[in-house]
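Here are my notes for you to read with the model open beside you. Take the points one by one and find each residue as you go.

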Amino acid sequence: MKDKRQFIVWGLGRFGSSIAETLTALGHEVLGIDNNEDVVENMADKLTHAVVCDVIDEKTVKSLGVRNFDVGIVAIGTLEPSLLATMLLKEAGVKTIVAKASNPIHAKMLKKLGATQIISPERDMGRRVAHNLAYTNIMDFVELSDNICLMEVKLTPAMYGKSIVEMDVRRKYNVNVVAVKHKDGTSEMTLEPNQPMQEGDMLVVIGTRKSVEALEDGI
């Protein structure tokens, strides 16, 4: 594991608590903050620290010592508290601030106030589910950035017995195969380009949105 880091998660709803618990399980130090006493009490034994914060102001931020944290995560869905928490974390000197946005305007405001990364979980999950439902051969779809996507592609019968070289998806669709997932649950990242693919295998590919959509239509 890499060096232990210190995270502050502001907002312990379903999204924030999931992030906080996962980071703690990975061995990092996590301070969870929420204005709901019952929520904080429920999370107290699951995180390094958990505190109730009813008022978001500069004095409160200083008392929590947030300037000592490596990453600040603003998981508050309500607009004003979300913007205020982001601004105060920025002013306190937290270099990396990840903030949840409920809509595009919210995202733009967070960016203006100093958020270094914006997350839109409802939008991203909606797009992911839509791609999975719209194409029978797409098993999973993840947007890595505004223009880069990662996708799991189930092989069609026409691909059975063909190697990655023979399928030639890089030239045809401008995507890169980064792994092969087999039907027994194992995965290979060190690929043998001339190895024939078998029924039940899946290709894990990465490319631009345009190239991934071309592959979706072409398989």
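1. Start with Met109, which sits in helix H5 (residues 104–112). Helices here are DSSP runs of H or I with at least four residues, strands are runs of E with at least two, and both are numbered from the N terminus. Is Met109 buried or exposed, or something in between? Met109 counts as partly exposed because its relative accessibility is 33%. For that scale, buried is under 20% relative accessible area, exposed is over 50%, and partly exposed is in between, with a 1.4 Å probe and protein chains only.

2. Before going on, keep in mind that this is a predicted model, in which local features need pLDDT of at least 70 and side-chain atom pairs count only at pLDDT 80 or more, while totals for chains, interfaces and linings use all residues. Residues are numbered from 1 along each chain as its sequence is written, and side-chain values use heavy atoms, with hydrogens and water left out.

3. The largest pocket has a volume of about 700 Å³. Its lining has 24 residues, and Ile118, Ile119, Ser120, Arg123 and Asp124 are the closest to its centre. Two or more lining residues come from each of H5, strand E6 (117–119), helix H6 (121–134) and strand E7 (138–143). H6 gives the most, with seven residues. On a 1 Å grid over the protein atoms alone, a pocket is an open set of points with protein on both sides within 12 Å along at least five of seven lines; a cavity is a set where a 1.4 Å probe fits but cannot get out, and lining residues have an atom within 4 Å of a point.

4. The second largest pocket holds about 360 Å³ of space. Of its 20 lining residues, Gly11, Asp34, Asn35, Ile76 and Gly77 lie nearest the centre. Helix H1 (14–25) and strand E2 (29–34) each supply at least two residues of this lining.

5. Last, the salt bridges (a side-chain nitrogen of Lys or Arg within 4 Å of a carboxyl oxygen of Asp or Glu). The whole structure has two. In one, Lys181 meets Glu152, with the closest N and O atoms 3.1 Å apart. This pair links distant parts of the chain, 29 residues apart: Lys181 is in strand E9 (residues 176–181) and Glu152 in strand E8 (residues 148–154). Lys181 is partly exposed at 25%, whereas Glu152 is buried at 16%.

6. Arg171 also forms a salt bridge, with Asp168, where the closest N and O atoms are 2.5 Å apart. Arg171 is exposed at 62% relative accessibility, and Asp168 is partly exposed at 24%.

Definitions and conventions:
Points joined across faces, edges and corners; volume = space filled by probe spheres on them.
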